[in-house]
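Reader: I would like to learn how to read a protein model. Please take me through it one feature at a time.

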Amino acid sequence: MKIAIVCGHFIPSLGYLEVHLANAIHLAEHQVEVFTTDQVPNYVKSIAGKTDNSPYTVHRLPVQFSLGQMVKSKALVPAIANFSPALVICIGLGKLFPKPIYQLTNRKFKLITLLGDNEQTYTSNSLVKKLKDTLIQQVLKKQVYLKAIAASDVLLPYTPSTLTVINEFISPKAAQTLVKKSKPFSLGYDAQQFGYNETLRAEQRAELGIASDETLLITATRVGPEKELERTIDLIDEMNKAGVLVKYLIVGFQNDTYGKQLQQYIAQKENSHQIITKPFSLAEQINLYYNAADIALFNRAAISIFEAMATGLFLLLPQQQNVSHLLTSQNGVYTSNVDKQCILNSIKKAQSNRLERVAIAQQYSYRNLAQQIITYSEL
């Protein structure tokens, strides 16, 4: 099948949803081409790779409008028409880029739209940013969502809170259509990049200086103030002061002001030697870190949660609806307050059944998720 993926930005080195889906669809031997822009968002410019080495065609189109992550290109529709796909998959409505696809009146392809809005999408501690986001949502984004809901054959909300969040700014009639066209879906992980290996675990723990009887917690994320890593750093320091020896690996530092401030914050701790910091890393290295660790801790929803699941880590996740579909009694716990007792309970559970947790994660492999999309396109 000829399949087009339409997304405002496409950065293979960072491995977001659109990249993983394109890879998985290609591996399933469909002819996939990506239609995107030549832009890189400012917030990832320092860590984004500059070259494409994808085994499929990536069309990087010039833009006539760019504001934050919002981008528009007059070249999108002609490029899609020239490819003549049987299926078009649109990702990232908030970036406005897919809008021209929904305005076509004589299209000959199936149209599937992925929706990722959740309770974190429009939240901010800044009143100015909240007002700005609300204005942009009502003036620019709302019309794109309404057109997408009306024009798409299938809608794939990929968090449990997506429908609730979108319903807050669309009409009641559109909300009914949204529910009717929506099918179950989720984010996931690339099984070629992430998985558990006992040999890799032993080698990486030795490289990091982690003894066989030590517990290693990990958070892999793009380090920023919104992740509130200070809370976990404080907890690790307090636990070690109390004689509970645990180490904490933070992966995802960038060469920016906040990253330097957080490094200084760690250095001031009495047990700073128990906290290991690493720069933003590519998937192969993150997989090694996950294999070395015992427990993964996340304060916010992130794609890296799924990658941690793939390596069988025991997960500590926030009590948020956008990740409420991920945990069973075997693979982790939800908590609004990660404290000493929570960590101690998790250590006991993390010491066994790692391979069972890997098996639980398999449903979120992008190979399986890509096949879901193909199946939905045939309905």
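Reader: Where is the place of Glu284?

Author: Glu284 sits in helix α10. Helices are DSSP runs of H or I with at least four residues, strands are runs of E with at least two, and both are numbered from the N terminus. A word on the source: this is a predicted model, where local features need pLDDT of at least 70, side-chain atom pairs count only at pLDDT 80 or more, and totals for chains, interfaces and linings use all residues. Residues are numbered from 1 along each chain as its sequence is written, and side-chain values use heavy atoms, with hydrogens and water left out.

Reader: Is Glu284 buried or exposed?

Author: Start with the cut-offs. Buried means under 20% relative accessible area, exposed means over 50%, and partly exposed is in between (1.4 Å probe, protein chains only). Glu284 has 67% relative accessibility, so it counts as exposed.

Reader: How many residues of α10 are buried?

Author: In α10, 8 of its 10 residues are buried, so the helix is mostly covered. The buried ones are Ala283, Ile286, Asn287, Leu288, Tyr289, Tyr290, Asn291 and Ala292.

Reader: What covers the buried residues of α10?

Author: Contact means heavy atoms within 4.5 Å. The cover of α10 includes helices α7, α11 (303-310) and α13 (354-361). It also includes strands β9 (215-220), β10 (246-253) and β11 (275-279).

Reader: Next, aromatic pairs. How many pairs does the count come to?

Author: First the rule. Rings of Phe, Tyr and Trp (its six-membered ring) pair if their centres lie within 6.5 Å; planes under 30 degrees apart are stacked, over 60 edge-to-face, and the rest tilted. By this rule the count is 5 aromatic pairs. One of them joins Phe35 and Phe83: the centres are 5.8 Å apart, the planes 45 degrees apart, and the pair is tilted.

Reader: Which parts does the pair of Phe35 and Phe83 tie together?

Author: Phe35 lies in strand β2 (residues 31-37) and Phe83 in helix α2 (residues 76-83), so the pair links parts 48 residues apart in sequence. Phe35 and Phe83 are both buried. Another tilted pair is made by Phe194 and Tyr290, at 6.3 Å centre to centre and 50 degrees between the planes. Phe194 is in the loop between α6 (172-181) and α7 (198-208), and Tyr290 is in α10 (residues 283-292), so this pair ties together parts 96 residues apart in sequence. Phe194 and Tyr290 are buried too.

Reader: What lies over the face of Phe65?

Author: A charge sits over a ring if NZ of Lys or CZ of Arg is within 6 Å of the ring centre and within 35 degrees of the ring normal. Here Lys72 lies over the face of Phe65, 5.6 Å from the ring centre.

Reader: Now helix packing. How are two packed helices described?

Author: Two numbers do it: the angle between the axes and the distance between the axes. Axes are lines fitted to C-alpha atoms, for helices over the stretch in contact, and angles run from 0 to 180 degrees between N-to-C directions. Take helix α1 (residues 17-27) and helix α14 (residues 366-377): their axes come within 9 Å and cross at roughly 80 degrees. Therefore α1 and α14 are roughly perpendicular. The classes are: under 35 degrees roughly parallel, over 145 roughly antiparallel, 65 to 115 roughly perpendicular, and the rest oblique.

Reader: Which residues make the contact between α1 and α14?

Author: From α1 come Leu17, His20, Leu21, Ala24, Ile25 and Leu27; from α14 come Tyr366, Arg367, Ala370 and Ile373. They divide into 8 nonpolar, 1 polar and 1 charged. Ala, Val, Leu, Ile, Met, Phe, Trp, Tyr, Cys and Pro count as nonpolar, Asp, Glu, Lys and Arg as charged, and the others, Gly among them, as polar.

Reader: Is Ala24 buried or exposed?

Author: Ala24 is buried, with a relative accessible area of 4%. Leaving aside neighbours within four places in sequence, Ala24 is in contact with Tyr366, Arg367 and Ala370.

Reader: Last, backbone angles. What is the phi of Glu228?

Author: Glu228 has a positive phi of about 50 degrees, although it is not a glycine. Glu228 is in the loop between β9 and α8 (229-241). Asn353 also has a positive phi, near 65 degrees, and is a residue other than glycine. Asn353 is in the loop between α12 (340-350) and α13.
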